[in-house]
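Please read them with the structure open beside you.

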Amino acid sequence: VWRRAAAPAARFARLPAPILPFTAPKKYWDRHDPAKFQLATDTKPPEGAPPYAGKRGGEIGNYTPIPDNGDVNDETARKLIHGYYAATSFMDAQLGKVLDELDRSGMAEKTLIVLWGDHGWHLGDHGIWTKHTNYEQANRIPLIIVAPGTAKVGSTRQLAETVDIYPTLVEPAGLPKPEVPQPMDGTSLVPVLKDPSARVRDHAY
């Protein structure tokens with residue numbers, strides 16, 4: 001959470017991330033019925049994909065009862081998806097508390113909010129769990145920006161990178177453009193916040 005006070009100041013709140021090991025109070029697990037989860041139907045690598053494009057095992061192999069080869073049976077798959085859903089629900093509830101407090105304190109209209117993650121997560125598609133691939137599921141991340149007085153409500157198809165977040169926050173926060181010895185890789189998304197149909201880049205790395 002970034003907050004502009006009398007003098008520009010930044011506040012950062014790290015929410016409990018839905019990552020291994022999935023940790024959340026029981027009530028968030030109880031919100032989801034594992035029997036209703038739809039398991040991945042395509043558990044094989046894409047046709048013609050080189051072996052290094054995918055990932056079996058890895059960090060998930062550190063947890064019982066995941067086998068070393070990363071092959072997960074249906075029962076374990078439901079437990080993993082259950083944990084992911086529970087942890088995500090827990091994180092969402094904590095975010096709600098932050099937003100409620102901003103409303104209660106009257107700071108909502110003076111606060112820039114950015115919610116993002118550093119990667120996506122495979123849930124058994126292509127036989128992959130967790131991250132560390134260049135497939136859509138791991139590369140696409142959540143990115144939500146609330147900028148009172150700047151951003152219009154809505155969504156956009158603008159490609160973006162996490163390096164764009166910093167330059168995007170400088171202008172609405174009323175901060176001067178940074179004087180740095182080398183150019184920044186990021187591109188300000190402010191034009192897109194003002195007009196979701198605007199485009200500031202045609203690619204993302």
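1. In which loop is Pro21 found? In this predicted model, Pro21 sits in the loop between strand S1 (2-3) and helix H1 (26-29), and the peptide bond that joins Leu20 to Pro21 is cis, with an omega of about -10°. A cis peptide bond also joins Thr64 and Pro65, where omega is about 10°, and Pro65 belongs to the loop between H1 and H2. Most peptide bonds are trans, and for that reason I would ask you to look at both places.

2. On the overall arrangement, the protein chain contains five helices and five strands, which follow one another along the sequence in the pattern β-α-α-β-β-β-α-β-α-α. Taken along the principal axes, its C-alpha atoms fill a box of roughly 55 × 40 × 30 Å. Of the 205 residues, 34% count as buried; among contacts with a separation of 6 or more, 65% are accounted for by residues 24 or more positions apart.

3. Helix H2 (residues 74-105) can be checked by its length: at 1.5 Å a residue, its 32 residues should span 46 Å, and the end C-alpha atoms are 47 Å apart, so the two values agree. At the start of H2, a side-chain oxygen of Asn73 comes to within 3.3 Å of the backbone nitrogen of Glu75, while just after H2 a positive phi of about 80° is found at Gly106.

4. Two further residues deserve a look for their backbone angles. His126, which is not a glycine, has a positive phi of about 60°; its place is in the loop between strand S3 (122-123) and strand S4 (129-130), and His126 counts as buried because its relative accessible area, 15%, is under 20%. Thr130, again not a glycine, has a positive phi of about 75°, but this residue is found in strand S4, and with a relative accessibility of 0% Thr130 is buried. Most residues other than glycine have a negative phi.

5. A polar atom of the Glu161 side chain lies 2.9 Å from the backbone nitrogen of Tyr205. If neighbours within four places in sequence are left aside, Glu161 is in contact with Arg201, His203, Ala204 and Tyr205.

6. The largest pocket has a volume of about 1200 Å³ and is lined by 36 residues, of which Ile141, Leu143, Gln158, Leu159 and Ala160 lie nearest its centre. The elements that give two or more residues to this lining are helix H3 (136-139), strand S5 (143-146) and helix H5 (190-194), and the largest share, four residues, comes from S5. By residue class, the lining of the largest pocket divides into 19 nonpolar, ten polar and seven charged residues.

Conventions: Residues numbered from 1 in each chain as written. Predicted model: local features only at pLDDT ≥ 70, side-chain atom pairs only at ≥ 80, totals over all residues. Heavy atoms only, no water. 1 Å grid on protein atoms, 1.4 Å probe; cavity = no way out; pocket = protein on both sides within 12 Å on 5 of 7 lines; lining within 4 Å. Points joined across faces, edges and corners; volume = space filled by probe spheres on them. Nonpolar A, V, L, I, M, F, W, Y, C, P; charged D, E, K, R; others polar. Expected span 1.5 Å × (residues − 1). Polar contact = N/O pair within 3.5 Å; in protein donor to acceptor, adjacent residues only side chain to side chain. Buried < 20%, exposed > 50% of the residue type's maximum accessible area, 1.4 Å probe, protein only. Contact = heavy atoms within 4.5 Å.
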